[in-house]
Amino acid sequence: MAQGNKVGNIPALDNDLSSGYIAPVCDSMPERNCRHPLTNMRQNAHLARCEESITNRFYSITSVLKHLGNIQHNENFVALANDITSKELDFNFPLQSLESAWINGLDMKLLYSKSIFNAINSSVNQFSEDLGRNEDSKVDTHSFFLDCGYHSVDITPCSDGRLKGLSKYIFRLPLSAITIRNSYAGALLNVESNVRDWEKIELSRLRNPSSGSSASRYLKIVVYHRSSSDPLHQGCAAHGSNDKLAAEAGLEKLTEFHSAIDNTYSCGSQIDLLLIGVDTDNDSIRIHIPDSNGELSIHRFVDTADLYNETLNLNSDQARVALFNSIDKSSDMSGWGKGEGKPSEGMRKVISNLLEYNLSQIEYVADLYGGSYPDLGHAEQFISVGDGFQEIQLRNIAYYAHLDTVEEGSADLDIGIKIFSGLNIKKGLPIPIAIHYRYDSKVPGSRARVVQKSKRVMAAILNRYKELAVGNNLFFQLSVQDLPLGSDLEIIDKEEL
């Protein structure tokens with residue numbers, strides 16, 4: 001399994017401009033102290049520490065298991081193993097899996113999967129502890145969206161693990177400020193399911209008018225991805241690494257979603273659409289600018305990779321003006337991308353803020369990785385099935401297959417299994433699959449039904465991939481969680497299975 005590089009250079013992120021630190025992205029310009037005026041250094045330092053704490057949980061697993069393999073026949077192996085795993089992995093394996101090692105050897109596939117699942121659970125718990133400390137940011141962001149005219153923000157990214165840190169890192173938005181976030185392979189959202197999500201939100205608003213004014217709108221965002229350094233191989237697999245096809249497919253799904261609601265409820269004017277592309281090499285974003293009618297074009301966009309360099313020498317006020325002007329400039333373009341005027345003021349404010357926040361992420365990648373990630377391709381640690389762990393927001397940690405039934409999500413699952421056949425199976429490692437769904441404690445019997453659903457999904461996966469199952473190459477953890485973000489993670493134990 002690809003291990004990736006641990007994050008480094010974290011102390012430098014805490015330094016102010018007087019330190020003389022030169023960001024790696026600007027090594028070609030040594031005479032300048034290269035710090036973008038809009039970079040949030042404090043936030044970058046905090047995110048770097050979060051990344052290090054989470055990735056260390058995963059990246060230390062194989063080295064620990066190799067160490068255990070080398071000492072498994074020592075007379076005091078169990079005590080040694082417990083000491084090592086406590087220090088390095090912050091948990092201990094079940095005694096029975098260690099005490100029989102001198103007879104049959106360690107079951108490395110089992111221990112590997114248990115280690116991955118423990119890392120998942122610890123990461124979810126870390127997020128829950130951190131959630132309360134960010135309550136002000138959640139409230140501020142929600143108020144900002146309402147001020148821009150949006151009561152709900154619904155984001156559908158591609159399920160590729162390189163977009164797993166989309167909200168927290170790339171967009172710099174508190175996860176709790178996003179109403180819905182479901183991923184699909186190639187960002188090919190299920191239109192009917194997304195319409196049901198919209199219906200649920202709008203019904204809730206009718207029952208609770210304080211959630212937004214009657215004139216506020218629903219913002220639907222689709223996020224595709226591309227690779228600037230290796231576009232023919234490291235782009236979106238669901239679209240054959242063809243950037244144009246990925247963007248066109250995202251736009252088509254947005255249009256279908258909008259048309260479905262307009263045709264059914266005649267209220268398409270209450271929905272705004274946004275298409276965003278992410279360069280997974282460096283986390284820069286390409287925002288496709290709507291015109292005054294809300295129409296999008298794959299040819300009309302603003303790219304933060306260009307804006308970063310264009311605004312580097314400006315002060316913060318000048319840089320913000322330049323970001324806003326870039327939206328107007330894009331709106332005025334002719335040719336293939338020509339539209340009918342500029343987007344609404346609220347939409348322009350949303351786009352401008354997303355552009356600004358992403359500049360910090362570009363510099364974050366520059367500081368920690370020299371401007372481009374070392375793992376340009378897949379390096380996920382596990383497959384996340386179901387509702388997914390919204391709390392784990394980090395690049396290349398998980399491949400996410402959002403599904404209610406295996407039949408419905410077979411395309412997403414097949415891609416995930418194909419990815420892990422290369423990452424893990426070829427190297428003798430199993431595929432850890434974390435099945436996770438949320439229940440509503442306000443609804444009688446909800447938890448029990450979700451537990452049964454999780455069991456059915458696991459059985460269906462075992463049946464679909466019989467060859468892997470027979471070879472002891474699939475390991476599962478089933479868990480559930482109440483709806484409120486930050487709720488306790490509940491592992492479904494053997495008694496419930």
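Student: Which helices and strands each supply at least two residues of the lining of the largest pocket?

Tutor: The helices are H8 (135-147), H10 (191-207) and H16 (446-464), and the strands are S1, S2 (180-181), S8 (398-402) and S9 (431-439). Helices (H or I, at least four residues) and strands (E, at least two) are DSSP runs numbered from the N terminus. A pocket is an open set of points on a 1 Å grid over the protein atoms alone, where a 1.4 Å probe fits, with protein on both sides within 12 Å along at least five of seven lines; lining residues have an atom within 4 Å of a point.

Student: And what is this model?

Tutor: It is a predicted model: local features need pLDDT of at least 70 and side-chain atom pairs 80 or more, while totals for chains, interfaces and linings use all residues. Residues are numbered from 1 along each chain, and side-chain values use heavy atoms, leaving out hydrogens and water.

Student: Okay, which element gives the most to that pocket lining?

Tutor: Helix H10, with seven residues. The whole lining has 40 residues, and those nearest the pocket's centre are Thr-179, Ile-180, Lys-200, Ile-201 and Leu-483.

Student: Switching to strands: why is S3 largely enclosed by the rest of the structure?

Tutor: Ten of the ten residues of S3 (residues 217-226) are buried, so the rest of the structure largely encloses this strand. Buried means under 20% relative accessible area with a 1.4 Å probe, protein chains only. One side of S3 has Arg-217, Leu-219, Ile-221, Val-223 and His-225, the other has Tyr-218, Lys-220, Val-222, Tyr-224 and Arg-226, and all of these are buried.

Student: Which strands are joined to S3?

Tutor: S1 (residues 150-157) runs parallel to S3 with seven bridges, and S4 (residues 271-279) runs parallel to S3 with nine. Pairing needs at least two DSSP bridges. Val-223 is the bridge partner of Pro-157, and Val-223 also stands opposite Ile-276 in S4.

Student: Which residues have the most contacts inside the largest nonpolar core?

Tutor: Phe-171, Val-223, Leu-274, Ile-276 and Ile-287, in a core of 60 residues. Helix H14 (residues 345-369) gives the most to this core, seven residues. Such a core is a set of buried Ala, Val, Leu, Ile, Met, Phe, Trp, Tyr and Cys joined through side-chain atoms within 4.5 Å.

Student: Last one: how many residues of S7 are buried?

Tutor: Five of the five in S7 (residues 382-386), so that strand is largely enclosed too. S7 pairs in parallel with S8 over five bridges, where Gly-386 stands opposite His-402. Four bridges join S7 to S9, also parallel, with Ile-383 opposite Ile-433.

How values were computed. Buried < 20%, exposed > 50% of the residue type's maximum accessible area, 1.4 Å probe, protein only.
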